[in-house]
Amino acid sequence: MSSQEPTHSIVSEEDIRALVDNFYDKIRADAVLGPIFERAIPGDWGPHLNIMYAFWSSVVRTTGRYKGNPVAVHQRIEGLEIGLFDRWLGLFRQSCDELFEEDVAQIFREKAARIAESLKLALFYRPDRPWPPADTDVAHPG
Ligand code: HEM
């Protein structure tokens, strides 16, 4: 069996496309996250969406299609704050719940939450400060 073709997965590539497309529609419409993405991806979003299809295919179908380094990419994103992760996850969960039955939705939600936690640690953890950091909730301004 090729590593590109998992035999056991209740998640299809079509599911992944639908999820990524639905989620990025929400991201673009979001008053806080939208501008951060627009700044980082000023032109055609096609290449970014293709990366995200490959990323989620690797994560939930173990296809090995994604070869990037999310920590390095996120380190360069202007305006990325730790308190925004809950907002990101909230939109992601909405997309999962809109599109999928509970079993599939849960697979995506759990993976996203874990990866978000490890990204936060990689980007923001400081040994000399408390974790999780207090007063960082910029996800719900006003
Ligand atoms: C507040 C939270 C987040 C923000 C604002 C954010 C923003 C972004 C932006 C703007 C990019 C495009 C960067 C570029 O192409 O220059 C990006 C890429 C990416 N993000 Fe996030 N992100 C967040 C959280 C997450 C989480 C939780 C995950 C995974 C569950 C994730 C996975 C990815 C991946 C895989 C890429 C592509 C990296 C690559 O090009 O190889 N992000 N993110």
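Helices here are DSSP runs of H or I with at least four residues, and they are numbered from the N terminus. On that basis Pro-132 lies in the segment after α6. The model shown in all views is predicted.

**Figure 1. Overview of the protein chain.** The secondary structure of the protein chain comes to six helices and zero strands. Along the sequence the pattern reads α-α-α-α-α-α. Of the 142 residues in the protein chain, 13% count as buried. Among contacts in the protein chain with a separation of 6 or more, 76% are between residues 24 or more positions apart.

**Figure 2. Helix α1 against helix α2.** Two packed helices are described by the angle between their axes and the distance between the axes. Helix α1 spans residues 13-29 and helix α2 spans residues 33-40. Their axes come within 6 Å and cross at roughly 100°. That angle makes α1 roughly perpendicular to α2, because angles of 65 to 115 degrees count as roughly perpendicular. On the α1 side the contact is formed by Ile-27, Arg-28 and Ala-29, which meet Leu-33, Gly-34 and Phe-37 in α2. By class, the residues of this contact of α1 with α2 are four nonpolar, one polar and one charged.

**Figure 3. Helix α1 against helix α3.** The axes of α1 and α3 cross at roughly 130° and come within 9 Å. This makes α1 oblique to α3. The crossing of α1 and α3 is right-handed. From α1, the residues Glu-13, Ile-16, Arg-17, Leu-19, Val-20 and Tyr-24 take part, and they meet Leu-49, Met-52, Tyr-53, Trp-56 and Ser-57 in α3. The contact of α1 with α3 holds eight nonpolar residues, one polar residue and two charged residues.

**Figure 4. Helix α1 against helix α5.** Here the axes of α1 and α5 are 9 Å apart, and the helices pack at an angle of about 135°. The two helices, α1 and α5, are therefore oblique to each other. The crossing of α1 and α5 is right-handed. Ala-18, Leu-19, Asn-22, Phe-23, Lys-26 and Ile-27 make up the α1 side of the contact, and Leu-91, Phe-92, Gln-94, Ser-95, Cys-96, Glu-98 and Leu-99 make up the α5 side. Divided by class, the residues of the contact of α1 with α5 are eight nonpolar, three polar and two charged.

**Figure 5. Residues around the ligand.** There are 21 residues around the ligand, and Ala-40, Gly-68, Leu-84, Ile-115 and Ala-116 come nearest. The elements that give two or more residues to this shell are α2, α3 (46-61), α4 (70-75), α5 (85-99) and α6 (102-124). The shell around the ligand has 18 nonpolar residues, three polar residues and no charged residues.

**Figure 6. Phe-100 between α5 and α6.** Phe-100 is found in the loop between α5 and α6. With 19 other C-beta atoms within 10 Å, Phe-100 is partly exposed, because a residue counts as buried if 20 or more such atoms lie within that distance. Leaving aside residues up to four places away in sequence, Phe-100 touches Asp-15 and Ala-105. Phe-100 and Asp-15 are 85 residues apart along the chain, and their C-alpha atoms are separated by 8.3 Å.

**Figure 7. Thr-62 between α3 and α4.** The loop between α3 and α4 contains Thr-62. Phi of Thr-62 is near 45°, a positive value in a residue other than glycine. Thr-62 counts as exposed, with 12 C-beta neighbours inside 10 Å.

**Figure 8. The segment after α6.** Pro-132 lies in the segment after α6. A cis peptide bond joins Trp-131 and Pro-132, with omega about -5°. Ala-134 also has its place in the segment after α6. With 7 C-beta neighbours inside 10 Å, Ala-134 counts as exposed. The C-alpha atoms of Ala-134 and Gly-83 are separated by 9.8 Å, and these two residues are 51 residues apart along the chain.

Methods: Residues numbered from 1 in each chain as written. Predicted model: local features only at pLDDT ≥ 70, side-chain atom pairs only at ≥ 80, totals over all residues. Axes fitted to C-alpha atoms, helices over the stretch in contact; angles between N-to-C directions. Parallel < 35°, antiparallel > 145°, perpendicular 65-115°, else oblique. Contact = placed C-beta atoms within 7 Å. Nonpolar A, V, L, I, M, F, W, Y, C, P; charged D, E, K, R; others polar. Near = placed C-beta within 6 Å. Left-handed = near helix turned anticlockwise from the far one by under 90°.
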